[in-house]
Amino acid sequence: MKESKYDLWIGAINLINCCLFICSWFAIFGADFTAKIAFFFYLFAWIGVILNAIAVVQSHNLSISLIGPILGVIGNALYGFTAVLALPAVIINIISAFFIFMQHNNKKKV
């Protein structure tokens, strides 16, 4: 089976982003939410979008499942647009990490 070199890392980054998004709730509802902290959380969200977009291209070139990286792009972009969507972003990133860790070949014949 073909495998991307970066599947483990991208799945781990999605799980790390889940933890960061959950931590952001405490920073937002606490009195400690400043522009620097907001920039930190948004930076990790957009880095996740870029890395998952690269994973989509790699997965397409290797003819393996695209579901995980596409969900990773969606989940990180949700938080990247607004922190209000942190809960859906966390759920989608967990599902994304699951699919990335369980990569398989596409069923279509080439």
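In this predicted model, helix α1 meets helix α2 through Ile10, Ile13, Asn14, Asn17, Leu20, Phe21, Cys23, Ser24 and Ala27 on the α1 side. The α2 side of this contact consists of Ile37, Phe40, Phe41, Phe44, Ala45, Gly48, Leu51, Asn52 and Ala55. Two packed helices are described by the angle between their axes and the distance between the axes. Helices α3 and α4 also pack against each other, and serine 65 lies in the loop between α2 and α3.

**Helices α1 and α2**

- The axes of α1 (residues 7–29) and α2 are 10 Å apart and form an angle of about 155 degrees.
- Angles over 145 degrees count as roughly antiparallel, so α1 and α2 are roughly antiparallel to each other.
- The crossing of α1 with α2 is left-handed.
- The contact of α1 with α2 has 13 nonpolar residues, five polar ones and no charged ones.

**Serine 65**

- Serine 65 has a relative accessibility of 7%, and therefore counts as buried, the cut-off being under 20%.
- The serine 65 side chain reaches the backbone nitrogen of isoleucine 67 at 3.5 Å.

**Helices α3 and α4**

- Helix α3 spans residues 67–81 and helix α4 residues 86–101; they pack at about 160 degrees, with axes 8 Å apart.
- At that angle, α3 and α4 are therefore roughly antiparallel.
- α3 and α4 cross in a left-handed sense.
- Residues of α3 in the contact include Ile67, Pro69, Leu71, Ile74, Leu78 and Tyr79, and those of α4 include Ala86, Pro88, Ile92, Ile95, Phe99 and Ile100.
- The residues of this contact comprise 13 nonpolar, six polar and no charged.

How values were computed. Residues are numbered from 1 along each chain as its sequence is written. This is a predicted model: local features need pLDDT of at least 70, side-chain atom pairs count only at pLDDT 80 or more; totals for chains, interfaces and linings use all residues. Side-chain values use heavy atoms; hydrogens and water are left out. Axes are lines fitted to C-alpha atoms, for helices over the stretch in contact, and angles run from 0 to 180 degrees between N-to-C directions. Helices (H or I, at least four residues) and strands (E, at least two) are DSSP runs, numbered from the N terminus. Angles under 35 degrees count as roughly parallel, over 145 as roughly antiparallel, 65 to 115 as roughly perpendicular and the rest as oblique. A crossing is left-handed if the near helix is turned anticlockwise from the far one by less than a right angle, and right-handed if clockwise. Contact means heavy atoms within 4.5 Å. Ala, Val, Leu, Ile, Met, Phe, Trp, Tyr, Cys and Pro count as nonpolar, Asp, Glu, Lys and Arg as charged, and the others, Gly among them, as polar. Buried means under 20% relative accessible area, exposed over 50%, partly exposed in between (1.4 Å probe, protein chains only). A polar contact is a pair of N or O atoms within 3.5 Å; within protein, one must be able to donate a hydrogen and the other to accept it, and residues adjacent in sequence count only if both atoms are side-chain atoms.
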